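Dear colleague,

Please find below the structure I am handing over to you, together with its sequence. My findings follow it.

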Amino acid sequence: MSPQRIISPRYQLVSLLLVIIVAGLSQGLLLPLLSILLEHYGVSAETNGLNSTALYIGIFFTMFIIEKPVMRYGYRTVIIAGITLVTAATVLFPLSHALSFWFVLRLLVGIGDSALHYATQLWIVSSSPADRRGRYISLYGMAYGIGFSIGPLGINLLPYGEAVPFIVSGVFFAVVLILVLRLPNSYPEWAGKEINQEGNRFIRTYRIAWFALIPTFLYGFMEASMNSNFPLYGLRIDLNQQWISLLLLAFGVGTLVLQLPLGIWSDKVGRKPVLMVTGFIGSLLFFAIPAAGDHLVLLFVFFICAGGVVGSFYSLGLAYCADVLPRNILPAANVIASIQFSIGSITGPLLGGYGIRYVSISSIFLFLGMAYLLFTLSGLAFRPRKLNNT
């Protein structure tokens, strides 16, 4: 293949999107797969939820240090390191069923996921033209949604052996690693001395774009709750593993169907109204899911619709940050976004696990509905500043 082909923007974008697809597949598989396996081993719901937070603890702490390696070594180097770490940790899960061993492996997966997600999303966002930013970041969201929706289907590989789903995930990572190795390296813009002299740029970023950053917390809270706690909810209302994986797939399909249309709509009417409308509809749908009980048709309808309206929150939030912040402090915004995603992802399984045991098996949906409703109301108080973002 010619050098021009390798360094073309289209090849770069496609390669990055394939990385995100496989990363989404890995997370979409590991969360429900490990929850189901621990449930079969007799582990309690709250311990199960606590163990699943290890992945997001790894993501959380990595975000405090990831910006400097990206600035120093470039996007590609950090992505390669992240893929390598996730692949190595994933294939080691079948070696032991010890909770402590799985906790450490989930921690390593979280560190690797954090590195490759931060580098890829910042690479895409920082290189997107302002008038098409919603579409570009929607492609990022769609790529993650494709992988995340396919991931739970790997549960159906368990009859062939507990190690098979983990090995398949590792093979996919090896394939995208080959693609990334062919990319030229690139570096983000540095914030500059003038930005650092204005005070803490992280505080400044949050002060300017707090509403645009909340969706990243909500997305992490929702994603981890659905994939860690919903399998437990499903087993308790007598759904089998196949239906649980298909319902999670339906949620992902809803995300894919509306990801790009919502991105285009947000380019035309603005991110804020789109986020508020979808947040409100999402809250109503989550409140309605427990009423469906074990009626599969209703559950499929609610899951597809809920996935459609809230599945774009992370990508739309990042696009909104890029709208209201100067480009040279976007790296700080991406650090905050990833930290908030991690906090939401840690909070979700913990709150859901304790809620299932001590409150109600449907408490995860009540928590989600209330969270999205509060977000919608908070939008009434947000007034974005008009900034020069060129």
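Helices here are DSSP runs of H or I with at least four residues, numbered from the N terminus. Please note that this is a predicted model.

I begin with S35, which lies in helix α2, residues 9-40. S35 has a relative accessible area of 1%; since buried means under 20%, S35 counts as buried. Beyond the neighbours within four places in sequence, the contacts of S35 are L30, N48, R106, N227, S228 and L232.

The next item is helix α11, which spans residues 201-236. Of the 36 residues of α11, 28 are buried, so the helix is largely enclosed by the rest of the structure. After α11 comes D238, which has a positive phi, near 70°.

Finally, I turn to a pair of helices. Packed helices are described by the angle and the distance between their axes. For α13 (residues 271-292) and α15 (residues 313-324), the axes come within 10 Å and cross at roughly 155°. Angles over 145 degrees count as roughly antiparallel, and α13 and α15 are therefore roughly antiparallel to each other. Their crossing is left-handed. On the α13 side, the contact involves R271, K272, V274, L275, T278 and G279; α15 contributes F313, L316, A319, Y320 and D323. By type, the residues of this contact are six nonpolar, two polar and three charged.

Yours sincerely

Technical notes: Residues numbered from 1 in each chain as written. Predicted model: local features only at pLDDT ≥ 70, side-chain atom pairs only at ≥ 80, totals over all residues. Heavy atoms only, no water. Helix = DSSP H or I, 4+ residues; strand = E, 2+ residues; numbered from the N terminus. Buried < 20%, exposed > 50% of the residue type's maximum accessible area, 1.4 Å probe, protein only. Contact = heavy atoms within 4.5 Å. Bend = angle between axes of the 7 residues up to and from the residue. Axes fitted to C-alpha atoms, helices over the stretch in contact; angles between N-to-C directions. Parallel < 35°, antiparallel > 145°, perpendicular 65-115°, else oblique. Left-handed = near helix turned anticlockwise from the far one by under 90°. Nonpolar A, V, L, I, M, F, W, Y, C, P; charged D, E, K, R; others polar.
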